[in-house]
Amino acid sequence: MDTISYRTEFPNAEKVQHDWVVIDATDQVLGRLCAKVAKLLRGKYKPSYSPNVECGDNVIIINADKVILTGKKMTDKIYLNYTGYPGGQRETTPEVLMKKSFNKHIKPGMHPLFIRVMKGMLPKNRIGRRLIENMHVYNGPEHPHAAQNPTVLDINKLK
């Protein structure tokens, strides 16, 4: 019996195919959209998924300003962060983070609300910090990644 045929193949960084995907966020619920994007970034929809290898796709999210939050979460939900100094606890809401995304000083593709939500859905280690860089979020329908020939993906078809 040939035992080589029973060898398990594990993906490595050289063998992984990273695709570019465009997702339209118009009228999508923020949490449900980001949960599916987190799976795309990790590569969980691919048959060659491995948790210790960066095998996900690069995701471009357009029309991020048209995303919705259910209920009163846009104004009532509070995100906390701490500066490290006494009295340095800061509060912010999704509404404030959405307004910050229109600021000219923020790097293009870095949407503060989406980054805040996605960081909670990705692993809290080196691979999670690398995966968040593969997400590019834009408020309008245009994006500067046309050279990568991204494919348009209907997020409602994914589970």
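How many disulfides does the count come to by the rule applied here? The rule takes a disulfide to be a pair of cysteine sulfur atoms within 2.5 Å, and by it the count comes to 0. Cysteine 34 is in no disulfide, the nearest cysteine sulfur being that of cysteine 55, 20 Å away. Cysteine 55 is likewise in no disulfide, with the sulfur of cysteine 34 as its nearest, 20 Å away. The relative accessibility of cysteine 34 is 0%, and this residue therefore counts as buried; the term denotes under 20% relative accessible area, as against over 50% for exposed and values in between for partly exposed (1.4 Å probe, protein chains only). Cysteine 55 is also buried, with a relative accessible area of 0%.

The structure is a predicted model, in which local features need pLDDT of at least 70 and side-chain atom pairs count only at pLDDT 80 or more, whereas totals for chains, interfaces and linings use all residues. Residues are numbered from 1 along each chain as its sequence is written, and side-chain values use heavy atoms, with hydrogens and water left out.

Helices (H or I, at least four residues) and strands (E, at least two) were taken as DSSP runs, numbered from the N terminus. Strand 2 (residues 58-62) is largely enclosed by the rest of the structure, because 5 of its 5 residues are buried. In a regular strand the side chains alternate between the two faces of the sheet. Both faces of strand 2 are covered, with Asn58, Ile60 and Ile62 buried on one side and Val59 and Ile61 buried on the other.

Pairing of two strands requires that DSSP find at least two bridges between them. Strand 1 (residues 20-24) runs parallel to strand 2 and is joined to it by 5 bridges, with tryptophan 20 opposite asparagine 58. Strand 5 (residues 135-137) is also parallel to strand 2, through 3 bridges, and here isoleucine 60 faces histidine 136. Strand 1, helix 1 (residues 30-42) and strand 2 form a right-handed β-α-β unit; right-handed denotes a path from the first strand over the helix to the second that runs clockwise with the strands pointing away from the viewer.

Serine 101 is located in the loop between helix 3 (94-100) and helix 4 (112-121). This serine is buried, its relative accessible area being 13%. Apart from neighbours within four places in sequence, serine 101 is in contact (heavy atoms within 4.5 Å) with Ile106, His111, Pro112 and Asn139. The side chains of serine 101 and asparagine 139 are joined by a polar contact of 3.2 Å. Such a contact is a pair of N or O atoms within 3.5 Å; within protein, one must be able to donate a hydrogen and the other to accept it, and residues adjacent in sequence count only if both atoms are side-chain atoms.
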